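Trainee: Please show me how the features of a protein model are read, one at a time, with the general idea before the particular case.

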Amino acid sequence: MSDFSTQTKLLHNAYSVDKASNGVSVPIQHASTFHQHDFTQFGQYDYARSGNPTRDALETTIAELEGGSHGFAFSSGMAAVSTSLMLLSSGDHLLITEDVYGGTYRFVTEVLSRFGIEHTFVDMTNLEEVEQSFQPNTKAVFIETPSNPLLKVTDIRAVTGLAKQNDCLTLIDNTFLTPLLQQPLHEGVDVVIHSATKFLAGHSDVVAGLVVVNNEQLAEQIGFLQNSCGAILGPQDCWLVMRGIKTLHARLRQSVETTYQLAEFLDQHPLIERVYYPGLASNDYYAVQAKQAANGGAVLSFEIKHAEAIEQFVDSMQIPVFAVSLGAVESILSYPRRMSHGAMPDDQCDQRGITKGLLRLSVGLEQAEELKADLDQALQVTAAACAASDSA
């Protein structure tokens, strides 16, 4: 299987066919405990927190897709993030992307800080700032690229190079692009993290997190933490993620194509202040993104000119669901300041450019022209409402 493309590996891997029955779907093993035939020599499985056949299938699959040696499945993306960050100890220092996902921001600022783990938020796109931010006790660098929600792109190889010079681990949130579009282990990253709730599962019906490493010592450490903390993914949800992975290529191909069209449309729209999408040639991060990823992905953000009428705009949209999350078959419109970054104080949002007029759109499988028309009509309604208010 190693010679196959990632596209083919989504369907054909070690668990494509069940060895016991020849079924073309992984069996769901719900057992919480396993009978031991020998008093002193236990079998591969003893208690489901420590190991489960269905979970093993997902963990092996994601490791192969990322080009890693070991995978780990968690009960949520934040369980994957928090468990990975438990590699740090009291007195350690963490460098982290400044406009990181709000849940990660909350965990770092309000949980890790209670255990004596220090942190510095940095603009990871500014290599000079990154280099100057290392401290004697810096032990890890946490990258999110493209970042959420401004889609700033970090030069992964450059930052991992700086981390290695300072004897630091690098961790990356690869949720937005998945191993199909970006493979950070090949760029020198140590720990790759996914909210599998998003594109990997892809249907807004499961909450899951995944971690991949390519180092035996790191695998032992994360495996120990996974078992100790116990935030494992149940077998039914493991099966759902594996089913979603099978259609990842087809879903992303359609969604990315539509995202490009919407980004170009919004970039030329007179009622849009700014579009954030690294797939546009005019984007500041286009060259870096093109160097390390297959394309710009299926998420974009944009600012509307009438920020005071943001609620009117959202109410006028007809196709996307207005919700938390992303990466699903349906388009999802989100308001970062109150959703993904609701845990981040307003002043911190302002400092990072997460403005009151910023919206994030995860593009699904709807027809592109209908999404364009929906965006346009909502912008026109909003502009008309603002004009009427001003004239009154």
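**Reading the model**

Trainee: Is C349 buried or exposed?

Mentor: Buried means under 20% relative accessible area, exposed means over 50%, and partly exposed lies in between, with a 1.4 Å probe and protein chains only. C349 is buried, as its relative accessible area is 0%. C168 also counts as buried, with a value of 7%. Please note that this is a predicted model, in which local features need pLDDT of at least 70 and side-chain atom pairs count only at pLDDT 80 or more, while totals for chains, interfaces and linings use all residues. Residues are numbered from 1 along each chain as its sequence is written, and side-chain values use heavy atoms, with hydrogens and water left out.

Trainee: How many disulfides does the structure hold?

Mentor: A disulfide is a pair of cysteine sulfur atoms within 2.5 Å. The structure holds zero disulfides.

Trainee: How many salt bridges does a search of the whole structure find?

Mentor: A salt bridge is a side-chain nitrogen of Lys or Arg within 4 Å of a carboxyl oxygen of Asp or Glu. The search finds nine of them. One joins the side chains of R55 and E59, at 3.3 Å from N to O. Both residues are buried.

Trainee: In which helix do R55 and E59 lie?

Mentor: Helices (H or I, at least four residues) and strands (E, at least two) are DSSP runs, numbered from the N terminus. R55 and E59 both belong to helix α2, residues 53-66, and stand four residues apart, about one turn of the helix. E369 is partly exposed because its relative accessibility is 46%, whereas K372 is buried at 17%.

Trainee: What distance separates D123 and K152 in their salt bridge?

Mentor: The side chains of D123 and K152 meet at 3.4 Å, N to O. This pair links distant parts of the chain: D123 is in the loop between β3 (118-122) and α5 (127-133), and K152, 29 residues apart from it, is in the loop between β4 (138-144) and α6 (156-165). D123 counts as buried because its relative accessible area is 16%, and K152 does so at 14%. Together with E98, these residues are linked in a network of salt bridges.

Trainee: Which residues does T54 touch?

Mentor: Contact means heavy atoms within 4.5 Å. Leaving aside residues up to four places away in sequence, T54 touches V26, P27, I28, Q29, P235, C238 and W239. T54 lies in helix α2 and is buried, with a relative accessible area of 0%.

Trainee: Which backbone oxygen does the side chain of S255 reach?

Mentor: The side chain of S255 reaches the backbone oxygen of G364, at 3.1 Å. S255 is found in helix α10, residues 248-267, and is buried at 3%.

Trainee: How many residues has the largest nonpolar core?

Mentor: A nonpolar core is a set of buried Ala, Val, Leu, Ile, Met, Phe, Trp, Tyr and Cys residues joined through side-chain atoms within 4.5 Å. The largest one here has 107 residues, and those with the most contacts inside it include L58, F142 and F313. Helix α10 gives the most to this core, with six residues. Among the residues that L58 touches are A73, L210 and I245.

Technical notes:
A polar contact is a pair of N or O atoms within 3.5 Å; within protein, one must be able to donate a hydrogen and the other to accept it, and residues adjacent in sequence count only if both atoms are side-chain atoms.
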